[in-house]
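Trainee: I have a model open on my screen and would like to walk through it with you. Shall we take it piece by piece?

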Amino acid sequence: MRKNLLTLAAFILSLSAILPFFGCNGSENRTSYEIDCEYDNGAVTGTEKVSFYNSSDNSFNELKFNLFPNAFRKGAKYSPVAAQYHHQAYKWGESYGGMEISAVRINGENAEFTIGGADLNILCVPLAAEVFPNEKTVVEIDFKTDVAKVVARTGINADTVNLANFYPILCGIENGAFYECAYYANGDPFFSDPANYTVTFTRGENLVAATSGALISETTENGKITSCYELKNARSFAAVLSEKFEVKSQKVGDTDVFYYYFSDEEPDKTLLAAKEALEMFGEKWGKYPYKTYSVVQTPFIQGGMEFSALVFISDDLESAARKEVVVHETAHEWWQTVVGNNEIKHPFIDEGLAEYSVVLFYETHPEYGYTREQLIKSAEQTYKIYCSVYDRIVGSVDTTMTRSVPEYTSEYEYVNIAYVKACVMFDYLRRTVGDEKFFSGLKRFYDENAFKTATPESLVGAFERAGADSNGFFESFFNGTAII
(Lines give C-alpha, C1' and ligand atoms only; values in the text may rest on other atoms or scores of the structure.)
Protein backbone atom coordinates (compact mmCIF):
# COMPACT_ATOMS: atom_id res chain seq x y z
CA MET A 1 0.00 0.00 0.00
CA ARG A 2 1.22 3.50 -0.73
CA LYS A 3 1.42 6.68 1.29
CA ASN A 4 2.60 9.58 -0.84
CA LEU A 5 6.08 10.40 0.52
CA LEU A 6 6.38 13.70 -1.32
CA THR A 7 3.27 15.05 0.44
CA LEU A 8 3.67 13.20 3.75
CA ALA A 9 5.25 16.16 5.52
CA ALA A 10 2.11 18.21 4.96
CA PHE A 11 0.03 15.28 6.20
CA ILE A 12 2.13 15.15 9.38
CA LEU A 13 1.82 18.87 10.07
CA SER A 14 -1.95 18.63 9.73
CA LEU A 15 -1.97 15.68 12.14
CA SER A 16 0.10 17.57 14.68
CA ALA A 17 -2.58 19.93 14.54
CA ILE A 18 17.42 -16.51 -10.18
CA LEU A 19 14.68 -16.18 -11.26
CA PRO A 20 13.55 -15.91 -14.90
CA PHE A 21 9.95 -16.57 -15.88
CA PHE A 22 8.48 -18.74 -13.21
CA GLY A 23 6.51 -21.36 -15.09
CA CYS A 24 9.48 -23.62 -14.35
CA ASN A 25 9.90 -22.46 -10.74
CA GLY A 26 7.89 -25.29 -9.27
CA SER A 27 4.50 -23.85 -10.19
CA GLU A 28 3.20 -27.39 -10.72
CA ASN A 29 3.92 -28.07 -7.03
CA ARG A 30 1.70 -25.26 -5.79
CA THR A 31 -1.73 -25.00 -4.32
CA SER A 32 -4.25 -24.15 -7.04
CA TYR A 33 -7.56 -22.30 -7.07
CA GLU A 34 -10.28 -22.89 -9.65
CA ILE A 35 -12.87 -20.17 -9.06
CA ASP A 36 -16.14 -19.92 -10.95
CA CYS A 37 -18.05 -16.81 -9.88
CA GLU A 38 -20.44 -14.06 -10.95
CA TYR A 39 -20.85 -10.45 -9.87
CA ASP A 40 -24.45 -9.31 -9.88
CA ASN A 41 -26.51 -6.84 -7.88
CA GLY A 42 -23.77 -6.01 -5.36
CA ALA A 43 -22.62 -9.55 -4.64
CA VAL A 44 -20.15 -12.15 -5.87
CA THR A 45 -21.54 -15.69 -5.85
CA GLY A 46 -19.32 -18.59 -6.69
CA THR A 47 -17.64 -21.91 -6.09
CA GLU A 48 -13.93 -22.41 -5.62
CA LYS A 49 -12.05 -25.67 -5.90
CA VAL A 50 -8.85 -25.55 -3.90
CA SER A 51 -6.23 -28.21 -4.51
CA PHE A 52 -4.05 -27.76 -1.45
CA TYR A 53 -0.44 -28.84 -1.93
CA ASN A 54 1.43 -29.24 1.33
CA SER A 55 4.81 -27.69 0.66
CA SER A 56 5.68 -27.47 4.36
CA ASP A 57 7.52 -29.97 6.54
CA ASN A 58 4.46 -30.54 8.74
CA SER A 59 1.27 -32.50 8.20
CA PHE A 60 -2.25 -31.01 8.42
CA ASN A 61 -5.58 -32.47 9.50
CA GLU A 62 -7.50 -29.26 8.75
CA LEU A 63 -7.36 -26.32 6.37
CA LYS A 64 -7.91 -22.70 7.37
CA PHE A 65 -9.13 -19.93 5.09
CA ASN A 66 -9.23 -16.17 5.61
CA LEU A 67 -12.71 -14.68 5.10
CA PHE A 68 -11.63 -11.07 4.69
CA PRO A 69 -15.06 -9.69 3.64
CA ASN A 70 -16.42 -10.46 7.11
CA ALA A 71 -14.53 -7.41 8.36
CA PHE A 72 -17.23 -5.36 6.61
CA ARG A 73 -20.13 -7.04 8.39
CA LYS A 74 -22.22 -5.25 11.02
CA GLY A 75 -20.73 -5.76 14.47
CA ALA A 76 -17.23 -6.69 13.27
CA LYS A 77 -14.61 -6.46 16.00
CA TYR A 78 -11.95 -4.96 13.75
CA SER A 79 -12.86 -2.14 11.38
CA PRO A 80 -11.20 -2.30 7.95
CA VAL A 81 -11.23 1.52 7.84
CA ALA A 82 -9.34 3.73 10.29
CA ALA A 83 -11.49 6.08 12.37
CA GLN A 84 -10.11 9.23 10.76
CA TYR A 85 -11.17 7.97 7.32
CA HIS A 86 -14.57 6.61 8.29
CA HIS A 87 -16.62 9.52 6.95
CA GLN A 88 -14.60 9.62 3.74
CA ALA A 89 -14.93 5.87 3.21
CA TYR A 90 -18.64 5.64 4.03
CA LYS A 91 -19.65 8.81 2.21
CA TRP A 92 -23.03 7.29 1.30
CA GLY A 93 -23.79 6.32 4.89
CA GLU A 94 -23.27 3.11 6.82
CA SER A 95 -23.13 0.00 4.65
CA TYR A 96 -22.30 -3.59 5.43
CA GLY A 97 -21.02 -6.63 3.60
CA GLY A 98 -19.74 -10.07 4.48
CA MET A 99 -19.17 -13.59 3.26
CA GLU A 100 -21.53 -16.53 3.58
CA ILE A 101 -20.23 -20.09 3.23
CA SER A 102 -23.14 -22.30 2.15
CA ALA A 103 -21.35 -25.62 1.61
CA VAL A 104 -17.97 -27.32 1.75
CA ARG A 105 -17.09 -30.57 -0.01
CA ILE A 106 -14.05 -32.81 0.31
CA ASN A 107 -13.48 -35.20 -2.58
CA GLY A 108 -17.03 -34.46 -3.71
CA GLU A 109 -18.65 -35.32 -0.37
CA ASN A 110 -20.31 -32.74 1.88
CA ALA A 111 -18.04 -31.88 4.79
CA GLU A 112 -18.38 -30.21 8.17
CA PHE A 113 -16.89 -26.76 8.67
CA THR A 114 -16.77 -24.01 11.28
CA ILE A 115 -16.34 -20.25 11.11
CA GLY A 116 -14.36 -18.70 13.95
CA GLY A 117 -11.11 -16.86 14.44
CA ALA A 118 -10.68 -13.54 16.22
CA ASP A 119 -13.56 -11.92 14.31
CA LEU A 120 -15.55 -14.66 12.50
CA ASN A 121 -12.84 -14.33 9.89
CA ILE A 122 -11.54 -17.88 9.62
CA LEU A 123 -13.14 -20.86 7.87
CA CYS A 124 -11.88 -24.12 9.35
CA VAL A 125 -12.32 -27.31 7.33
CA PRO A 126 -11.42 -30.60 9.08
CA LEU A 127 -9.97 -33.12 6.62
CA ALA A 128 -11.02 -36.71 6.22
CA ALA A 129 -7.36 -37.76 6.06
CA GLU A 130 -4.16 -36.13 7.25
CA VAL A 131 -2.19 -34.39 4.51
CA PHE A 132 1.53 -35.04 4.76
CA PRO A 133 4.36 -33.06 3.12
CA ASN A 134 4.23 -33.10 -0.69
CA GLU A 135 0.68 -34.49 -0.65
CA LYS A 136 -2.51 -32.88 -1.96
CA THR A 137 -6.14 -32.70 -0.95
CA VAL A 138 -9.07 -31.09 -2.74
CA VAL A 139 -11.72 -28.90 -1.09
CA GLU A 140 -14.68 -27.18 -2.77
CA ILE A 141 -16.34 -24.16 -1.19
CA ASP A 142 -19.62 -22.47 -2.18
CA PHE A 143 -19.57 -18.82 -1.13
CA LYS A 144 -21.39 -15.54 -1.50
CA THR A 145 -19.72 -12.18 -0.84
CA ASP A 146 -21.98 -9.20 -0.28
CA VAL A 147 -20.05 -6.06 -1.15
CA ALA A 148 -20.55 -2.97 1.01
CA LYS A 149 -20.85 0.56 -0.40
CA VAL A 150 -17.51 1.79 0.86
CA VAL A 151 -14.27 3.22 -0.50
CA ALA A 152 -12.00 0.30 0.36
CA ARG A 153 -10.15 -2.67 -1.11
CA THR A 154 -13.49 -4.47 -1.34
CA GLY A 155 -16.31 -2.05 -1.96
CA ILE A 156 -18.84 -0.48 -4.32
CA ASN A 157 -18.00 3.10 -5.27
CA ALA A 158 -19.66 5.69 -7.47
CA ASP A 159 -17.33 4.83 -10.36
CA THR A 160 -16.00 1.31 -9.72
CA VAL A 161 -16.48 -1.93 -7.85
CA ASN A 162 -13.30 -2.99 -6.04
CA LEU A 163 -13.06 -6.75 -5.63
CA ALA A 164 -10.03 -7.66 -3.59
CA ASN A 165 -10.08 -10.61 -1.18
CA PHE A 166 -13.55 -11.54 -2.41
CA TYR A 167 -13.09 -15.33 -2.13
CA PRO A 168 -11.95 -17.61 0.74
CA ILE A 169 -8.15 -17.44 0.78
CA LEU A 170 -5.96 -20.08 2.39
CA CYS A 171 -4.08 -18.75 5.37
CA GLY A 172 -0.35 -18.52 4.80
CA ILE A 173 1.80 -21.19 6.43
CA GLU A 174 4.34 -20.04 8.98
CA ASN A 175 6.39 -22.32 11.24
CA GLY A 176 4.36 -25.29 10.08
CA ALA A 177 0.94 -23.83 10.95
CA PHE A 178 -1.71 -21.68 9.29
CA TYR A 179 -1.38 -18.01 10.23
CA GLU A 180 -4.76 -16.33 10.79
CA CYS A 181 -5.05 -12.70 9.63
CA ALA A 182 -7.28 -10.24 11.48
CA TYR A 183 -8.36 -7.26 9.33
CA TYR A 184 -6.68 -4.34 11.08
CA ALA A 185 -7.32 -0.80 9.84
CA ASN A 186 -3.60 0.00 9.74
CA GLY A 187 -1.36 -1.42 7.08
CA ASP A 188 -1.99 -4.41 4.85
CA PRO A 189 -3.19 -7.19 7.18
CA PHE A 190 -2.59 -10.04 4.76
CA PHE A 191 -0.36 -13.08 4.48
CA SER A 192 -0.75 -15.79 1.86
CA ASP A 193 1.44 -18.21 -0.04
CA PRO A 194 1.84 -18.37 -3.84
CA ALA A 195 -0.76 -20.39 -5.74
CA ASN A 196 -1.95 -20.99 -9.30
CA TYR A 197 -5.29 -19.46 -10.26
CA THR A 198 -7.86 -20.22 -12.93
CA VAL A 199 -10.77 -17.82 -12.53
CA THR A 200 -14.00 -17.82 -14.55
CA PHE A 201 -15.72 -14.50 -13.92
CA THR A 202 -19.17 -13.45 -15.15
CA ARG A 203 -20.56 -9.91 -15.04
CA GLY A 204 -22.93 -7.64 -16.94
CA GLU A 205 -21.78 -6.73 -20.44
CA ASN A 206 -21.83 -3.04 -19.45
CA LEU A 207 -18.91 -3.63 -17.05
CA VAL A 208 -15.27 -3.51 -18.08
CA ALA A 209 -13.19 -5.82 -15.91
CA ALA A 210 -9.61 -5.09 -14.87
CA THR A 211 -8.16 -8.28 -13.38
CA SER A 212 -4.97 -9.86 -12.16
CA GLY A 213 -4.76 -12.70 -14.66
CA ALA A 214 -4.23 -13.12 -18.37
CA LEU A 215 -7.44 -13.50 -20.41
CA ILE A 216 -7.72 -17.04 -21.80
CA SER A 217 -11.23 -16.97 -23.26
CA GLU A 218 -14.36 -14.82 -23.30
CA THR A 219 -17.98 -15.26 -24.34
CA THR A 220 -21.05 -13.02 -24.30
CA GLU A 221 -24.55 -14.40 -23.82
CA ASN A 222 -27.86 -13.02 -22.50
CA GLY A 223 -26.34 -9.66 -21.66
CA LYS A 224 -23.47 -11.12 -19.65
CA ILE A 225 -19.77 -11.54 -20.31
CA THR A 226 -17.98 -14.63 -19.01
CA SER A 227 -14.19 -14.38 -18.99
CA CYS A 228 -11.62 -16.97 -18.03
CA TYR A 229 -8.29 -15.82 -16.56
CA GLU A 230 -5.10 -17.63 -15.64
CA LEU A 231 -2.44 -16.55 -13.16
CA LYS A 232 0.40 -18.68 -11.83
CA ASN A 233 2.55 -18.26 -8.71
CA ALA A 234 0.38 -15.46 -7.35
CA ARG A 235 -0.42 -14.51 -3.78
CA SER A 236 -3.83 -13.10 -4.69
CA PHE A 237 -6.34 -12.52 -7.46
CA ALA A 238 -8.16 -9.18 -7.64
CA ALA A 239 -10.51 -7.37 -9.99
CA VAL A 240 -12.05 -3.93 -10.49
CA LEU A 241 -15.26 -3.39 -12.49
CA SER A 242 -16.52 -0.17 -14.05
CA GLU A 243 -18.81 1.13 -16.77
CA LYS A 244 -16.52 4.13 -17.18
CA PHE A 245 -13.13 2.57 -17.80
CA GLU A 246 -10.98 3.62 -20.71
CA VAL A 247 -7.98 1.41 -21.39
CA LYS A 248 -4.50 2.01 -22.71
CA SER A 249 -1.89 -0.69 -23.12
CA GLN A 250 1.73 -1.20 -24.03
CA LYS A 251 4.05 -4.15 -24.33
CA VAL A 252 7.03 -4.57 -21.98
CA GLY A 253 8.96 -7.62 -23.13
CA ASP A 254 6.51 -10.54 -22.89
CA THR A 255 4.13 -8.62 -20.62
CA ASP A 256 1.02 -6.69 -21.64
CA VAL A 257 0.73 -3.59 -19.44
CA PHE A 258 -2.76 -2.13 -19.10
CA TYR A 259 -3.90 1.16 -17.61
CA TYR A 260 -7.58 1.36 -16.70
CA TYR A 261 -8.74 4.89 -15.90
CA PHE A 262 -11.73 7.25 -15.96
CA SER A 263 -10.39 10.66 -14.87
CA ASP A 264 -6.75 11.02 -15.88
CA GLU A 265 -5.85 13.93 -18.14
CA GLU A 266 -2.42 12.41 -18.81
CA PRO A 267 -3.02 8.68 -19.19
CA ASP A 268 -0.05 8.20 -21.52
CA LYS A 269 2.32 9.59 -18.87
CA THR A 270 0.82 7.35 -16.20
CA LEU A 271 1.22 4.32 -18.44
CA LEU A 272 4.80 5.39 -19.22
CA ALA A 273 5.66 5.48 -15.51
CA ALA A 274 4.32 1.92 -15.14
CA LYS A 275 6.25 0.77 -18.20
CA GLU A 276 9.53 2.33 -17.10
CA ALA A 277 9.19 1.02 -13.54
CA LEU A 278 8.43 -2.49 -14.80
CA GLU A 279 11.46 -2.37 -17.09
CA MET A 280 13.82 -1.01 -14.45
CA PHE A 281 12.86 -3.36 -11.63
CA GLY A 282 12.88 -6.31 -14.01
CA GLU A 283 16.43 -5.51 -15.03
CA LYS A 284 17.58 -4.84 -11.48
CA TRP A 285 16.04 -7.73 -9.55
CA GLY A 286 14.59 -10.33 -11.90
CA LYS A 287 12.12 -10.69 -14.74
CA TYR A 288 8.52 -9.73 -14.00
CA PRO A 289 6.79 -13.11 -13.60
CA TYR A 290 3.33 -12.57 -15.14
CA LYS A 291 1.89 -12.19 -18.62
CA THR A 292 -0.10 -9.08 -17.72
CA TYR A 293 0.21 -6.10 -15.39
CA SER A 294 -2.84 -3.93 -14.73
CA VAL A 295 -2.69 -0.45 -13.20
CA VAL A 296 -6.21 0.51 -12.18
CA GLN A 297 -7.46 3.96 -11.22
CA THR A 298 -10.18 3.64 -8.62
CA PRO A 299 -11.54 5.46 -5.57
CA PHE A 300 -9.28 4.55 -2.66
CA ILE A 301 -8.49 6.21 0.69
CA GLN A 302 -4.74 5.59 0.51
CA GLY A 303 -2.57 6.34 -2.50
CA GLY A 304 -2.62 2.79 -3.83
CA MET A 305 -2.68 -0.92 -3.09
CA GLU A 306 -0.81 -3.88 -4.51
CA PHE A 307 -2.01 -7.30 -5.57
CA SER A 308 -0.41 -9.91 -7.79
CA ALA A 309 -0.30 -8.50 -11.35
CA LEU A 310 -2.74 -5.68 -10.48
CA VAL A 311 -2.51 -2.48 -8.45
CA PHE A 312 -5.01 0.15 -7.31
CA ILE A 313 -4.14 3.80 -7.90
CA SER A 314 -6.34 6.34 -6.12
CA ASP A 315 -8.36 8.65 -8.35
CA ASP A 316 -7.69 11.46 -5.84
CA LEU A 317 -4.08 12.13 -6.88
CA GLU A 318 -2.38 14.91 -8.77
CA SER A 319 -0.11 14.06 -11.68
CA ALA A 320 3.24 13.87 -9.83
CA ALA A 321 1.82 11.93 -6.91
CA ARG A 322 0.02 9.54 -9.29
CA LYS A 323 3.28 8.62 -11.01
CA GLU A 324 5.05 8.16 -7.69
CA VAL A 325 2.33 5.83 -6.45
CA VAL A 326 2.47 3.86 -9.71
CA VAL A 327 6.21 3.32 -9.20
CA HIS A 328 5.78 2.30 -5.56
CA GLU A 329 2.98 -0.15 -6.29
CA THR A 330 4.88 -1.59 -9.23
CA ALA A 331 7.86 -2.22 -6.94
CA HIS A 332 5.57 -4.34 -4.77
CA GLU A 333 5.37 -6.86 -7.61
CA TRP A 334 8.93 -7.76 -6.59
CA TRP A 335 8.77 -6.85 -2.90
CA GLN A 336 5.71 -8.72 -1.65
CA THR A 337 4.39 -10.63 -4.65
CA VAL A 338 7.63 -12.44 -5.53
CA VAL A 339 9.56 -11.94 -2.29
CA GLY A 340 6.76 -12.31 0.22
CA ASN A 341 6.69 -11.47 3.91
CA ASN A 342 4.13 -11.66 6.66
CA GLU A 343 2.74 -8.14 6.29
CA ILE A 344 1.16 -8.24 9.75
CA LYS A 345 4.36 -9.19 11.58
CA HIS A 346 7.04 -7.49 9.44
CA PRO A 347 5.44 -4.78 7.29
CA PHE A 348 8.63 -2.72 7.04
CA ILE A 349 10.24 -5.30 4.75
CA ASP A 350 8.04 -4.91 1.68
CA GLU A 351 7.00 -1.29 2.35
CA GLY A 352 10.55 -0.16 3.02
CA LEU A 353 11.90 -1.88 -0.08
CA ALA A 354 9.06 -0.58 -2.26
CA GLU A 355 9.64 2.93 -0.92
CA TYR A 356 13.36 2.75 -1.53
CA SER A 357 12.69 1.40 -5.00
CA VAL A 358 10.92 4.71 -5.68
CA VAL A 359 14.14 6.49 -4.70
CA LEU A 360 16.13 4.24 -7.04
CA PHE A 361 13.67 4.86 -9.85
CA TYR A 362 13.93 8.63 -9.62
CA GLU A 363 17.71 8.39 -9.23
CA THR A 364 17.80 6.48 -12.53
CA HIS A 365 15.19 8.71 -14.23
CA PRO A 366 16.23 12.32 -13.56
CA GLU A 367 13.69 13.58 -16.09
CA TYR A 368 11.01 13.18 -13.43
CA GLY A 369 12.63 16.01 -11.47
CA TYR A 370 13.61 14.30 -8.20
CA THR A 371 17.02 13.28 -6.88
CA ARG A 372 18.04 10.63 -4.39
CA GLU A 373 19.41 13.33 -2.09
CA GLN A 374 16.18 15.33 -2.23
CA LEU A 375 13.98 12.32 -1.47
CA ILE A 376 16.10 11.02 1.41
CA LYS A 377 16.35 14.51 2.93
CA SER A 378 12.57 14.81 2.72
CA ALA A 379 12.18 11.39 4.37
CA GLU A 380 14.60 12.34 7.15
CA GLN A 381 12.74 15.57 7.83
CA THR A 382 9.39 13.76 7.80
CA TYR A 383 10.67 11.20 10.30
CA LYS A 384 12.14 13.87 12.61
CA ILE A 385 8.84 15.76 12.59
CA TYR A 386 7.05 12.54 13.50
CA CYS A 387 9.43 11.92 16.43
CA SER A 388 8.98 15.50 17.63
CA VAL A 389 5.20 15.38 17.36
CA TYR A 390 4.89 12.03 19.14
CA ASP A 391 7.28 13.08 21.87
CA ARG A 392 5.36 16.31 22.43
CA ILE A 393 1.87 14.80 22.35
CA VAL A 394 2.43 11.33 23.84
CA GLY A 395 5.48 12.07 25.95
CA SER A 396 7.64 9.43 24.27
CA VAL A 397 8.24 7.91 20.88
CA ASP A 398 8.69 4.23 20.00
CA THR A 399 11.07 3.90 17.06
CA THR A 400 11.43 0.11 17.04
CA MET A 401 10.78 -1.51 13.68
CA THR A 402 10.15 -5.17 14.48
CA ARG A 403 6.55 -4.61 15.57
CA SER A 404 3.42 -6.21 14.22
CA VAL A 405 0.61 -4.12 12.76
CA PRO A 406 -1.67 -4.22 15.86
CA GLU A 407 1.21 -2.90 17.99
CA TYR A 408 1.16 0.44 16.18
CA THR A 409 -1.00 2.99 17.97
CA SER A 410 -1.99 4.86 14.80
CA GLU A 411 -1.61 4.90 11.05
CA TYR A 412 0.60 7.96 11.52
CA GLU A 413 3.07 5.92 13.56
CA TYR A 414 2.82 2.94 11.20
CA VAL A 415 3.61 5.02 8.10
CA ASN A 416 6.63 6.69 9.65
CA ILE A 417 8.18 3.43 10.84
CA ALA A 418 7.21 0.94 8.10
CA TYR A 419 7.66 3.35 5.18
CA VAL A 420 9.75 6.37 6.05
CA LYS A 421 12.24 5.01 8.56
CA ALA A 422 12.66 1.80 6.56
CA CYS A 423 13.41 3.81 3.41
CA VAL A 424 16.01 5.88 5.25
CA MET A 425 17.50 2.68 6.71
CA PHE A 426 18.18 1.23 3.26
CA ASP A 427 19.83 4.44 2.08
CA TYR A 428 22.01 4.62 5.20
CA LEU A 429 23.01 1.00 4.64
CA ARG A 430 23.93 1.79 1.05
CA ARG A 431 26.18 4.64 2.20
CA THR A 432 27.74 2.41 4.86
CA VAL A 433 28.63 -0.65 2.76
CA GLY A 434 28.91 0.96 -0.68
CA ASP A 435 26.91 0.42 -3.85
CA GLU A 436 28.52 -2.86 -4.87
CA LYS A 437 27.77 -4.73 -1.63
CA PHE A 438 24.41 -3.00 -1.17
CA PHE A 439 23.00 -4.03 -4.52
CA SER A 440 24.65 -7.44 -4.32
CA GLY A 441 22.93 -7.96 -0.95
CA LEU A 442 19.52 -6.90 -2.24
CA LYS A 443 19.84 -9.10 -5.31
CA ARG A 444 20.86 -12.01 -3.11
CA PHE A 445 17.86 -11.33 -0.84
CA TYR A 446 15.59 -11.42 -3.88
CA ASP A 447 17.08 -14.60 -5.33
CA GLU A 448 17.09 -16.48 -2.03
CA ASN A 449 13.50 -15.58 -1.14
CA ALA A 450 11.65 -15.57 -4.45
CA PHE A 451 8.16 -17.04 -3.90
CA LYS A 452 8.97 -17.69 -0.26
CA THR A 453 8.29 -15.83 2.97
CA ALA A 454 11.14 -13.50 3.91
CA THR A 455 11.90 -12.47 7.49
CA PRO A 456 14.14 -9.83 9.08
CA GLU A 457 16.69 -12.59 9.66
CA SER A 458 16.75 -13.55 5.99
CA LEU A 459 17.20 -9.88 5.06
CA VAL A 460 20.18 -9.49 7.38
CA GLY A 461 21.62 -12.84 6.28
CA ALA A 462 21.52 -11.95 2.59
CA PHE A 463 23.65 -8.85 3.15
CA GLU A 464 26.03 -10.75 5.40
CA ARG A 465 26.51 -13.40 2.71
CA ALA A 466 27.12 -10.62 0.19
CA GLY A 467 30.10 -9.49 2.28
CA ALA A 468 28.40 -6.53 3.94
CA ASP A 469 29.09 -6.46 7.69
CA SER A 470 25.58 -5.25 8.43
CA ASN A 471 24.20 -7.23 11.37
CA GLY A 472 24.94 -4.50 13.92
CA PHE A 473 23.63 -1.88 11.52
CA PHE A 474 20.26 -3.58 11.11
CA GLU A 475 20.01 -4.27 14.84
CA SER A 476 20.37 -0.57 15.66
CA PHE A 477 17.50 0.31 13.33
CA PHE A 478 15.32 -2.59 14.40
CA ASN A 479 15.64 -1.81 18.13
CA GLY A 480 15.35 1.96 17.69
CA THR A 481 18.84 3.02 18.79
CA ALA A 482 19.95 4.29 15.36
CA ILE A 483 20.04 8.08 15.17
CA ILE A 484 18.53 9.73 12.11
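**Around strand 20 and beyond**

Mentor: Gladly! Keep in mind that this is a predicted model. We can start with Asp256, which lies in strand 20 (residues 255-261).

Trainee: Is Asp256 buried, partly exposed or exposed?

Mentor: Its relative accessible area is 28%. Buried would need a value under 20%, and exposed a value over 50%. Asp256 falls in between, so it counts as partly exposed.

Trainee: Which side chain makes a polar contact with that of Asp256?

Mentor: Start with the residues that Asp256 touches beyond four places in sequence: Gln250, Lys251, Lys291, Thr292 and Tyr293. Lys291 is 35 residues away in sequence, yet the C-alpha atoms of Asp256 and Lys291 are 6.3 Å apart. The polar contact between side chains, at 3.1 Å, is with Lys251.

Trainee: How does strand 20 run relative to strand 21, parallel or antiparallel?

Mentor: In general, strands of a sheet pair through backbone hydrogen bonds, in one sense or the other. Here five bridges join strand 20 to strand 21, and Val257 has Tyr293 of strand 21 as its bridge partner. The two strands run parallel.

Trainee: What is the handedness of the β-α-β unit that includes helix 3?

Mentor: The unit is made of strand 20, helix 3 (residues 267-284) and strand 21. For a right-handed crossover, the path from the first strand over the helix to the second would run clockwise, with the strands pointing away from the viewer. This unit is left-handed.

Trainee: How many residues of strand 21 are buried?

Mentor: In a regular strand the side chains alternate between the two faces of the sheet, so both faces deserve a look. On one side, Thr292, Ser294, Val296 and Thr298 are buried; on the other, Tyr293, Val295 and Gln297 are buried too. For strand 21 (residues 292-298), that gives seven of seven.

Trainee: Which residue of strand 23 stands opposite Ser294?

Mentor: Strand 21 also pairs with strand 23, in the parallel sense and over five bridges. Opposite Ser294 you will find Leu310.

Trainee: What is the phi of Phe451 near?

Mentor: Phe451 sits in the loop between helix 8 (435-449) and strand 25 (452-454). It counts as buried because its relative accessibility is 5%. Its phi is positive in a residue other than glycine, near 60°.

Trainee: What is the bridge partner of Val44 in strand 8?

Mentor: Val44 is among the residues that Leu163 touches. Strand 2 (residues 43-53) and strand 8 (residues 136-146) run antiparallel, joined by 11 bridges. In strand 8, the partner of Val44 is Thr145.

Trainee: Which are the edge strands of the open sheet of eight strands?

Mentor: The order is 5-4-8-2-1-14-17-16, with mixed pairing. An edge strand pairs on one side only, and here those are strand 5 (109-110) and strand 16 (214-221).

How values were computed: Residues are numbered from 1 along each chain as its sequence is written. This is a predicted model: local features need pLDDT of at least 70, side-chain atom pairs count only at pLDDT 80 or more; totals for chains, interfaces and linings use all residues. Side-chain values use heavy atoms; hydrogens and water are left out. Helices (H or I, at least four residues) and strands (E, at least two) are DSSP runs, numbered from the N terminus. Buried means under 20% relative accessible area, exposed over 50%, partly exposed in between (1.4 Å probe, protein chains only). Contact means heavy atoms within 4.5 Å. A polar contact is a pair of N or O atoms within 3.5 Å; within protein, one must be able to donate a hydrogen and the other to accept it, and residues adjacent in sequence count only if both atoms are side-chain atoms. Two strands pair if DSSP finds at least two bridges between them.
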